[in-house]
Amino acid sequence: MAERILVLAVDIDNDLYRKTKVTGPVIGRIDNIKAATKLAIADPQDSDANAMFEAVRKYDELKKEGYSVNIATVTGAEKEGYVADVELVRQIEIVLERLKSDACVLVTDGSSDTRVLPLLKNRIKINSVDVVRVKQAAGLENTYFTVLEKLKEPHYARIVFGIPAVLMILFALSYYFHFGWQLPVALIGMYLIIKGFGLEDALVSSFKGLGFSVERLSFVFYIGAIIFFFISLTIAYGAYTTAISSTGDTLVLVSEAIEGFLVLFPVSMVLFLVGRVIDLENRRMRYRAISQSTYIGYAAVALVLLWVASAWIIGQIYFWQFLAFSVATLICGYGISLFSAFLKRRAIRRAKIKDKSVINDIGAYIGKITEVDSKRGLIFVKTDYGNVIKYDVDRITGVSERVTIS
């Protein structure tokens, strides 16, 4: 039996959708030519259009040599990283399910080789990698304009301009307020930890979901939460400076600061929770609202334990009281967990999302919900190609006639 070959072009940053509104995967020679033509017209300098045309050329070449060959283009996401990889994997699995293939010829513009190859290797044999380089006249002028074009892209602009700008501002503020070099270095270290452990996408999506808009009722609660948070920091600093005059014990000083901080910080937490729940309820995301409330509940339990420990260290309560409060607080935490699970199961049953169509954040159709597991908090989506994909209910970002998943 002749080897079935798949010619696969990759657009990892999803220029195809951003510039032409064509969603991936694009399957078939004619559809790829149409999509590549639209992209080339929208942006003649985009290398992804050249990669798609090269994939078509490779398809024709292998077809003439008598191979059984198919062609497809898969896309990632505008924000490169974990989100782009997840979308690539989803589309690759759809393509492989529909186009039964034994081997793959990967066609890229060279910028996505290292990202795509590991995702493909454990799914299909890769016969070759075809890297497309756009021919240009030699000379410094062309290099200069190429760099300028790259700097217009947000991803590169943030790295080249954004990071140095933030560093300069941090050091300037630290010098002005006499904080020394330690504070900016610590902040830079925190950023590198977030970047290194891949937490950036999660943090960005969390802040985007806060809904800082004057048109929303939740805006008032978020502003209140921020104000009380900074007041709490001020009280903590005041308690710390007051304690310095009476003791030099570092542990006691920290405990005094924690007690001062916790005077009004719970108010900040409650205001944030109310704003968040209002946002999620308005967007019909009750399941995620329950999750947010649960996290706040766990945070409250942790804060109570912290307060009890601080009070014991300072000498405000006896050790047996510390133990009793700690056990009672942990029991409350367990109760929060049980109550949250009950609310989640009830919310899933009431949502009535079974048999609804599912799309992702960029509007690409995924499939239909065939089963809802309220106990485990899972939904099962069946694609047009017959494969079933399992999603956590927390990934639902919107429910209307269709269900949107992040």
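In helix 10, the buried residues are Ser218, Tyr222, Gly224, Ala225, Ser232, Ala236, Ala239 and Ala243; buried means under 20% relative accessible area, exposed over 50%, partly exposed in between, with a 1.4 Å probe and protein chains only. Helices, here and throughout, are DSSP runs of H or I with at least four residues, and strands are runs of E with at least two, numbered from the N terminus.

This is a predicted model, in which local features need pLDDT of at least 70 and side-chain atom pairs count only at pLDDT 80 or more, while totals for chains, interfaces and linings use all residues. Residues are numbered from 1 along each chain as its sequence is written, and side-chain values use heavy atoms, with hydrogens and water left out.

Helix 10 covers residues 218-244 and reaches 39 Å from its first C-alpha to its last, close to the 39 Å expected at 1.5 Å a residue; the expected span is 1.5 Å times one less than the number of residues. Helix 11, residues 250-261, reaches 16 Å, close to the 16 Å expected. Its buried residues include Leu253, Ala257, Gly260 and Phe261.

How do the axes of helix 10 and helix 11 cross? They come within 7 Å and cross at roughly 150°, where axes are lines fitted to C-alpha atoms over the stretch in contact and angles run from 0 to 180 degrees between N-to-C directions. Among the residues making this contact are Ser232, Ala236, Ala239 and Ala243 of helix 10, and Leu253, Ala257, Gly260 and Phe261 of helix 11; contact means heavy atoms within 4.5 Å.

Finally, the sheet. Five strands form an open, mixed sheet in the order 2-3-1-4-5, two strands being paired if DSSP finds at least two bridges between them. Strand 1 and strand 4 run parallel, joined by five bridges.
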